[in-house]
Amino acid sequence: MTAPARANPNDHGTPYADAVSGNAAQDLLRLNVPGHSADHGSAPELMDYFGADVLKKDVSPLLTGIDKGPGNAYDRSVVLAAQAWGARRTWFLTNGASQANRMGALALGAFGQADQPVLVQRSAHSSFIDGIILAGLTPVFLQPVLDDRYGIAHGVAPAELERTLAETDNPKGVYVVTPSYFGAVSDVPALAGIAHAAGVPLMVDEAWGAHFGFHPQLPQNALSHGADLVVSSTHKLGGSLTQSAMLHLADGPFADALEPLVQRAFMLTMSTSESALLIASLDIARNSLQNGQARIGASIAAAERIRQRIRDGGRFTIVSDSWSPQEAVAVDPLRISVDVRSAGLNGNAVREEMMLVDGVYTEISTDACIVAFLGPGFEPDGDRFVAALNRLEPSGRLAYAETHTLPLPRTGELRIRPRDAWFAPAVAVDAREAIGRVSADSLAAYPPGIPNVLPGEVISAEVVEFLQKVAASPGGYVRGARDSAVDTIRVVTL
Ligand SMILES: Cc1ncc(COP(=O)(O)O)c(C=O)c1O
């Protein structure tokens, strides 16, 4: 289960998924784990719920031919994935891109000297912040381009990286996130060029771009643009089952140094009982992406038709239509970002309403907009989505009010290293009393899950107001908060 990428020219299809179904098709007496034994008698409720096929394919690890022994199916599937994304080596993960971010942070932590700083996009996902804590990194933050019209963060501009690198003493790596939740793609070739010129690797969180590069109308992936380590949340838009993901290592200037570190980080973060269902889904998703050009093209065309109908309707506008090249060098065509404020509606309330009343689910919302995602290969019922939008009237809780506007709060000064603050003695105080003190927690407003306060940062009045408003908004949630309304916050007592 640990083989590096070595190509077998005869390999194709889905070796791991096939090996698991081959095993499931045999007449076996399963006196091992999982304890459901894939048997109707021992697990009737599970069987009714999931069906016999799922239970039979839920096999335990370390089975010869499946994931054990020379030339096993798992290793061959990992190689096929590395080839598909253009990586030197790929790791299959069963704890999401969150695991990939923690692995990347641990690898960067072990790369170079312990106290050398790592430049990190401030709007990184909370799982990379967790990685900073685990690895004891000293972060120096890169500010993303902000779109104040919609209260959203794009990626890091090359000029910001160049400036911050010049001001940072002895950095050892750079970490950025692209694409954004809204599908804005950063200039990875420029960012990689700047990082490499400074002698440091570039890690890219491409969680939302697992499908990139699999159709000529999709943006290229970060590996092909020079990134060294790339996080891919395959279950998001790559089509695998929830919680399955990949981490890719490029065949770049830092590969020799990073590969053993990433492998060791994998050992530290993996389960010893990885789910065969999740791994098989990675294998199948990769194969579908590689062979699904026509279907992906149909999804891209379907998304554009929906956007055009929304534009033509005149009530709503498309958020990504207004982006400048400084905000995005490319846009993921499988996202439909709709400005509902233009019709007097509140985005968070609209998203909730459409889910509860129309059964139409969209991925994220802000006060001003909602964003629909199309999985590559999916051609949704555009009429249903557009009709659900068009029936909405700007009254009651659906009405947009200026007071709803939540500009992203500025972040506080980092006074203590995140790991030190995380493990420091702390006390919970009333949120108003926390202002001006150092946070012990990472507090991230969902959606989208970008921490607004990091452990070690000074808490501002602005950030408290923001978090409380998000917590009170429809569908709003603050990860890391002690109580759901964020009435109290844990502060360091050092
Ligand atoms: C940018 C980014 N990175 C990483 C993750 C973590 O991904 P996963 O949910 O697969 O653990 C997310 C989750 O939303 C994310 O948005």
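Reader: Which residue in β18 is the bridge partner of A445?

Author: The bridge partner of A445 in β18 is I450. Please keep in mind that this is a predicted model.

Reader: And which residue in β18 is the bridge partner of L443?

Author: L443 has V453 as its bridge partner in β18.

Reader: How many bridges join β17 to β18?

Author: Three bridges join the two strands, which run antiparallel; β17 covers residues 443–446.

Reader: What about β17 and β19, parallel or antiparallel?

Author: β17 and β19 pair in the antiparallel sense, over three bridges. In β19, R479 stands opposite A444.

Reader: In what order do the strands of that sheet come?

Author: The order is β18-β17-β19, in an open sheet of three strands with antiparallel pairing. At the edges stand β18 (450–453) and β19 (477–479); each has a single partner strand, so one side of each is left without a neighbour in the sheet. From one strand to the next, the twist averages 40 degrees.

Reader: Which helix packs on this sheet?

Author: Helix α17, residues 461–472, packs on the sheet and touches β17, β18 and β19. The direction of α17 makes about 135 degrees with that of β18.

Reader: Let us change topic. Which residues surround the ligand?

Author: The ligand is surrounded by G96, A97, S98, N101, H125, S127, V177, D205, A207, S233, A245 and G449. By type, the shell divides into four nonpolar residues, seven polar and one charged.

Reader: Which helix gives the most to that shell?

Author: That is helix α5, residues 96–110, with four residues.

Reader: A245 was on your list. Which residue stands opposite A245 in the sheet?

Author: L93 stands opposite A245, which is in β10. β1 and β10 (residues 245–249) pair in the antiparallel sense over five bridges.

Reader: How many strands form the open sheet with β1 and β10, and in what order?

Author: Seven strands form that open sheet, in the order β1-β10-β9-β8-β6-β2-β3, and the pairing is mixed. The edge strands are β1 (89–93) and β3 (139–142); one side of each is left without a neighbour in the sheet because each has a single partner strand. Here the twist averages 20 degrees from one strand to the next.

Reader: Which strands do α7 and α10 lie across?

Author: Helix α7 (residues 158–167) lies across β2 (118–121), β3 and β6 (173–177), and runs at about 150 degrees to β3. Helix α10 (residues 255–269) lies across β1, β9 (229–232) and β10, and runs at about 155 degrees to β10.

Reader: Now the whole chain. Into which domains is the chain divided?

Author: The chain is divided into domain 1 (15–290), domain 2 (294–404) and domain 3 (418–492). Between domain 2 and domain 3, the C-alpha centres lie 30 Å apart. Six residues from domain 2 and six residues from domain 3 take part in the contact.

Reader: Which elements of domain 2 supply at least two residues each to that side?

Author: They are α13 (347–358) and β14 (364–365). α13 gives the most to the side of domain 2 that touches domain 3, with four residues. This side divides into two nonpolar, two polar and two charged residues.

Reader: Finally, how many helices and strands are there in the chain?

Author: There are 17 helices and 20 strands. The radius of gyration is 23 Å, close to the 23 Å that the globule rule gives for 494 residues, so the chain is as compact as a globular protein of that length.

Technical notes:
Residues are numbered from 1 along each chain as its sequence is written. This is a predicted model: local features need pLDDT of at least 70, side-chain atom pairs count only at pLDDT 80 or more; totals for chains, interfaces and linings use all residues. Two strands pair if DSSP finds at least two bridges between them. Axes are lines fitted to C-alpha atoms, for helices over the stretch in contact, and angles run from 0 to 180 degrees between N-to-C directions. Two residues are in contact if their C-beta atoms, placed from the backbone, lie within 7 Å. A residue is near a molecule or strand if its C-beta atom, placed from the backbone, lies within 6 Å of it. Ala, Val, Leu, Ile, Met, Phe, Trp, Tyr, Cys and Pro count as nonpolar, Asp, Glu, Lys and Arg as charged, and the others, Gly among them, as polar. Domain bounds come from an automatic or database domain assignment. The radius of gyration is taken over C-alpha atoms; the globule rule is 2.2 Å times the number of residues to the power 0.38.
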